[in-house]
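Please look over the sequence and the structure below before reading on.

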Amino acid sequence: MRRQLVIGNWKMNGSSASNTALLSALQAGLGETDASLATIAVCVPSVYLSAVKTQVQNSPIKVGAQNLSQYEQGAYTGEVSASMLAELNTDYVLVGHSERRSLFGESSEVVAEKFEAALKSGLTPILCVGETLEEREAGKTMSVVSAQLKAVIDRVALNEETQYIIAYEPVWAIGTGLTATPEQAQDVHRGIRDLLQNSVSQACADRVAILYGGSVSAASAQALFAQADIDGGLVGGASLKAEDFLAIWRAASNT
Ligand code: PGA
């Protein structure tokens, strides 16, 4: 049985004061958790990693970064390396979020390099994949998602021990209030698992957690997470409100 996960993506939001308040509210709402409940994590701007890690140290909340450099070290002004994130005991790092791909020109090859860099430093990369509305309407959803995934499979020798997560986030559903229907999402998640089964192994396909992202809300979460191949959510906007994020985490925990 795969454990459900709910991961918040704060994007470029927050301040020291608002982060403290949000995390306090989450900690108060979580209460006692155990392994039968969903994993909960927040991916925060890198400058806050250290403070957030300290605040959540006695709680079940795990912490991730939103990006990393593909390079190990050197003259890359403004970049943050995998080993720097690892030094802060960062649990997860998003790679290939659609905003990175579209606004900052990250190709699938660069995303694969970042995925590899994360693994080398012992971080768990969360590989984000997803199609635009145009691509969906042209019937290209699975070919786009497959190509994004293949870039990683071609670069990294994935096996049963590899710690990573996949997030399917249709670009047209991110921050728009439009959510893929549970059936639309399930189809793509199944397709991702089939691709892993055919290109890597059955065990890898069975083991990997595949999250859905794109306007996940307290109202849409339960039906999405009830799908056979959806193992939780990557949550943007709703992760900035403790009440909403907790409701989504509860939906995952009840699945
Ligand atoms: P959203 O963002 O939940 O606000 O749509 C999801 C994401 O970009 O990861």
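Leaving aside its neighbours within four places in sequence, which residues is V208 in contact with? V208 is in contact with R2, Y164, I165, I166, R193, L196 and D231, where contact means heavy atoms within 4.5 Å. This is a predicted model, in which local features need pLDDT of at least 70 and side-chain atom pairs count only at pLDDT 80 or more, while totals for chains, interfaces and linings use all residues. Residues are numbered from 1 along each chain as its sequence is written, and side-chain values use heavy atoms, with hydrogens and water left out.

V208 itself sits in the loop between α9 (202-207) and β7; helices (H or I, at least four residues) and strands (E, at least two) are DSSP runs, numbered from the N terminus. With a relative accessible area of 2%, V208 is buried, a class that means under 20% relative accessible area, whereas exposed means over 50% and partly exposed lies in between (1.4 Å probe, protein chains only).

N19 belongs to helix α1 (residues 16-30), and N19 counts as buried because its relative accessibility is 5%. Not counting residues up to four places away in sequence, N19 touches W10, G14, Y48 and Q55. Q148 is placed in helix α7 (residues 141-155) and is buried, with a relative accessible area of 10%. With residues up to four places away in sequence again not counted, Q148 touches R101, S108, V129 and G130.

Two further helix residues are classed as partly exposed. S50, in helix α2 (residues 49-55), counts as partly exposed at 39% relative accessibility; S50 and E87 are 37 residues apart in sequence, and their C-alpha atoms are 9.8 Å apart in space. Q222 lies in helix α10 and counts as partly exposed at 40% relative accessibility. Q222 touches A251, N254 and T255, not counting residues up to four places away in sequence, whereas Q222 and A118, 104 residues apart in sequence, are 31 Å apart from C-alpha to C-alpha.

The ligand comes next. Around the ligand there are 13 residues, the closest being K11, H97, E169, G175 and S215; a residue is taken as near a molecule if one of its heavy atoms lies within 4 Å of it. K11 is located in the loop between β1 (5-9) and α1, and it has a positive phi of about 55° although it is not a glycine. A polar side-chain atom of K11 lies 2.7 Å from an oxygen atom of the ligand, which is a polar contact in the sense of a pair of N or O atoms within 3.5 Å (within protein, one must be able to donate a hydrogen and the other to accept it, and residues adjacent in sequence count only if both atoms are side-chain atoms).

S215 is found in the loop between β7 (209-213) and α10 (218-225), and S215 too is a residue other than glycine with a positive phi of about 55°. Here a backbone N or O atom of S215 lies 2.7 Å from an oxygen atom of the ligand. For G236, a backbone N or O atom is 2.8 Å from an oxygen atom of the ligand.

Rolling a probe the size of a water molecule over the atoms shows where empty space is left. On a 1 Å grid over the protein atoms alone, with a 1.4 Å probe, a pocket is an open set of points with protein on both sides within 12 Å along at least five of seven lines, and lining residues have an atom within 4 Å of a point. About 510 Å³ of space lies in the largest pocket, and of the 18 residues that line it, M12, Q66, N67, R100 and F104 are the closest to its centre. A volume is the space filled by probe spheres set on the points, which are joined across faces, edges and corners. Helix α4 (residues 98-103) gives the most to the lining of the largest pocket, with three residues. By class, that lining has seven nonpolar, seven polar and four charged residues, where Ala, Val, Leu, Ile, Met, Phe, Trp, Tyr, Cys and Pro count as nonpolar, Asp, Glu, Lys and Arg as charged, and the others, Gly among them, as polar.

The second largest pocket has a volume of about 320 Å³. Its lining is made up of 17 residues, and those closest to its centre are L5, Y92, Q163, I165 and A209. This lining divides into seven nonpolar, five polar and five charged residues.
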